[in-house]
Amino acid sequence: MRRRRRHALPGFGLTLGLSLSYLALIVLIPLAALVLKSATIGPLAFWDAVTSPRALASYRVTFGCAALAGLVNLVLGPLLAWVLVRYRFPGRKLIDALVDLPFALPTAVAGITLTALYASNGWLGRWIEAAGYKIAYRPAGITVALIFVSLPFLVRSVQPVLEQLEPDIEEAAATLGAGRLRTLVSVILPTLWPAIVTGFSLAFARAVGEYGSVIFIAGNLPMVSEIAPLLIVTKLDAFDYAGATAIAVVLLLTSFAALLAINLFQLWTVRHRTAEAR
Amino acid sequence: MSPARKPSTALRDPAWLRILLLAVALAFVALFLVLPLIAVFSYAFEKGVETFVASITDSDARAAIRLTLLVAVISVPANTIFGVAAAWLITRFRFAGKNLLISLIDLPFAVSPVIAGLIYVLLFGAQGWLGPWLADHHVKIIYAVPGIVLATTFVTFPFVARELIPLMQAQGSEQEEAALTLGAGGWSMFWRVVLPKIGWGLAYGVILCNARAIGEFGAVSVVSGHIRGLTNTMPLHVEILYNEYNRTAAFAVASLLALLALATLVLKQVVAWRMRRAAPESEAA
């Protein structure tokens with residue numbers, strides 16, 4: 001492709017220097033402070049901080065609610081994407097634009113609004129309580145907030161794949177006598193899997209670290225409805241830097257694992273596809 | 001597929017399935033997107049326009065708005081300059097470690113906002129690595145404006161670069177090379193060729209970066225210290241009012257942020273539309 005000299009265009013030195021020094025100053029050195037801090041804690045104290053009953057309970061709440069919210073979006077996200085891509089109805093473009101609302105709306109605003117809606121005197125809360133359930137100030141409320149913040153990820157990762165789907169295979173399936181629902185489940189769904197897995201992992205990684213939209217609706221009761229990011233803040237407020245750092249490392253590694261899983265999965269699907277093509 | 005061809009009946013879902021899926025999707029959107037949006041504005045005005053105006057013109061609210069704008073005015077341009085430089089570097093040159101660099105740019109998206117605040121506390125806080133030295137020199141970063149700026153810059157770090165990298169990759173560098181061949185200098189090529197070419201994509205990245213900078217809560221909450229009138233940003237002011245059971249005032253300030261979110265969504269649509277319109281031209285060129 002490249003016929004010219006290696007650096008035909010100007011600005012290599014300038015942009016390299018600028019990018020690397022800014023990256024180091026804003027991201028790498030501060031993150032290194034976290035790694036260094038966790039190294040100074042000592043393995044025993046680190047293990048104790050990471051496995052204290054309160055910390056373990058906060059992981060259960062955080063990962064459990066994040067997974068549950070991800071599962072809800074796993075079903076409703078692709079469904080919404082399908083409706084937006086395939087159906088024509090009034091207000092479609094408006095809804096398409098609204099899907100990004102959770103990305104644009106500040107998390108604190110989402111937090112107080114969902115809390116007001118689901119509290120026992122709220123627009124939704126009063127009906128839910130009349131039916132004998134409660135959502136606000138317990139893990140169910142955390143899940144609701146996380147469904148909101150991670151909603152766009154699954155819609156937006158599936159949507160472009162659906163838009164580029166060739167109609168041939170669907171027609172072929174119909175010709176071979178498959179009903180529409182059968183075609184959806186056994187022909188279209190498999191082609192969406194990579195996008196769905198990617199969207200789920202992004203949603204999960206985001207939900208695990210989420211703070212602003214959750215703390216208002218959570219109730220924040222230690223051992224019951226306290227999320228791990230809040231435990232970090234609580235420990236910081238008590239000047240327990242070591243404890244805060246240890247839990248931050250656990251959270252960070254979980255998010256990285258989720259994102260690494262996406263990369264490996266994408267690598268695997270690409271290889272798989274090229275192998276099939278041969 | 002040819003656009004003229006009508007979708008065959010084989011591709012249409014049966015009516016019952018269409019109605020069912022549409023109903024579920026619309027209910028989901030109504031419950032999780034439309035209702036909260038209506039609620040923000042309805043709660044903001046539940047005690048009338050006068051209370052609303054009083055809430056957003058209160059001196060603490062005004063200080064919070066000023067601080068939020070100040071933070072955005074510093075961190076958004078900083079990330080924009082970095083984004084353009086990084087995108088130019090990544091899409092126009094080949095060098096070892098490029099993929100690593102791309103992953104590192106995305107890194108802040110994988111970090112919880114609370115951790116983004118924590119790392120600066122560990123670095124600059126009273127008990128942090130540089131804390132004693134900063135105290136000796138009377139420099140305050142944590143529980144002060146510089147900390148808020150740093151934390152905001154961290155969480156909004158990838159936005160501009162992420163928008164520009166795929167765009168500039170797709171556009172290629174023929175026009176830049178042509179400009180250089182015709183004798184343009186590096187900077188004049190940048191202002192006259194590169195910037196107009198990436199304009200809408202850049203605008204898109206800046207809009208997203210700005211929305212996040214103004215709305216950031218977790219990271220700023222950790223480093224701010226919540227000093228009223230001094231280190232309170234708008235989202236933090238919302239929190240304080242809400243925790244003081246001053247719900248109407250909290251929602252009044254929140255409604256300003258929601259308005260900003262709506263403006264962001266509208267701008268996003270406009271920019272996406274302009275980019276789609278501009279795309280065939282640049283392909284033809």
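From the N terminus on, the elements of chain A run α-α-α-α-α-α-α-α-α-α-α-α-α. That comes to 13 helices and zero strands, where helices are DSSP runs of H or I with at least four residues, strands are runs of E with at least two, and both are numbered from the N terminus. The model is a predicted one, in which local features need pLDDT of at least 70 and side-chain atom pairs count only at pLDDT 80 or more, while totals for chains, interfaces and linings use all residues. Residues are numbered from 1 along each chain as its sequence is written, and chains are lettered from A and ligands numbered from 1 in the order in which they are written.

The C-alpha trace of chain A spans about 70 × 65 × 35 Å along its principal axes. Chain A has 278 residues, and 45% of them count as buried; a residue is buried if 20 or more other C-beta atoms lie within 10 Å of its own, exposed if 12 or fewer, and partly exposed in between, with C-beta atoms placed from the backbone. Two residues are in contact if their C-beta atoms, placed from the backbone, lie within 7 Å. Of the contacts in chain A between residues at least 6 apart in sequence, 78% join residues at least 24 apart.

Helix α6 (residues 107–118) of chain A has 12 residues and reaches 16 Å from its first C-alpha to its last, close to the 16 Å expected at 1.5 Å a residue. The expected span is 1.5 Å times one less than the number of residues. Because 12 of the 12 residues of α6(A) are buried, this helix is largely enclosed by the rest of the structure. Its buried residues include A:Thr107, A:Gly111 and A:Tyr118.

A:Tyr118 is also one of the contacts of A:Ile135, leaving aside neighbours within four places in sequence; the others are A:Gly125, A:Ile128, A:Ala140, A:Gly141 and A:Val144. A:Ile135 lies in the loop between α7 (125–130) and α8 (139–163) of chain A. Although in a loop, A:Ile135 is buried, with 23 other C-beta atoms within 10 Å.

Chain A also touches chain B. The contact takes 73 residues from chain A and 73 residues from chain B. On the chain A side, helix α1 (residues 12–41) gives the most, with 14 residues. That side has 57 nonpolar, 10 polar and six charged residues. Here Ala, Val, Leu, Ile, Met, Phe, Trp, Tyr, Cys and Pro count as nonpolar, Asp, Glu, Lys and Arg as charged, and the others, Gly among them, as polar.

Within chain B, helix α3 (residues 59–92) packs against two helices. Its axis and that of helix α8 (residues 159–171) come within 8 Å and cross at roughly 30 degrees; α3(B) and α8(B) are therefore roughly parallel, the term for angles under 35 degrees. Residues making this contact include B:Phe82 and B:Ile90 of α3(B) and B:Leu164 and B:Met168 of α8(B). By class, the contact has 11 nonpolar, five polar and no charged residues.

The axes of α3(B) and helix α7 (residues 145–155) of chain B come within 9 Å and cross at roughly 40 degrees, so the two are oblique to each other. Among the residues in contact are B:Val71 and B:Ile74 of α3(B) and B:Ile148 and B:Thr152 of α7(B). This contact divides into five nonpolar, four polar and no charged residues.

Methods: Axes fitted to C-alpha atoms, helices over the stretch in contact; angles between N-to-C directions. Parallel < 35°, antiparallel > 145°, perpendicular 65-115°, else oblique.
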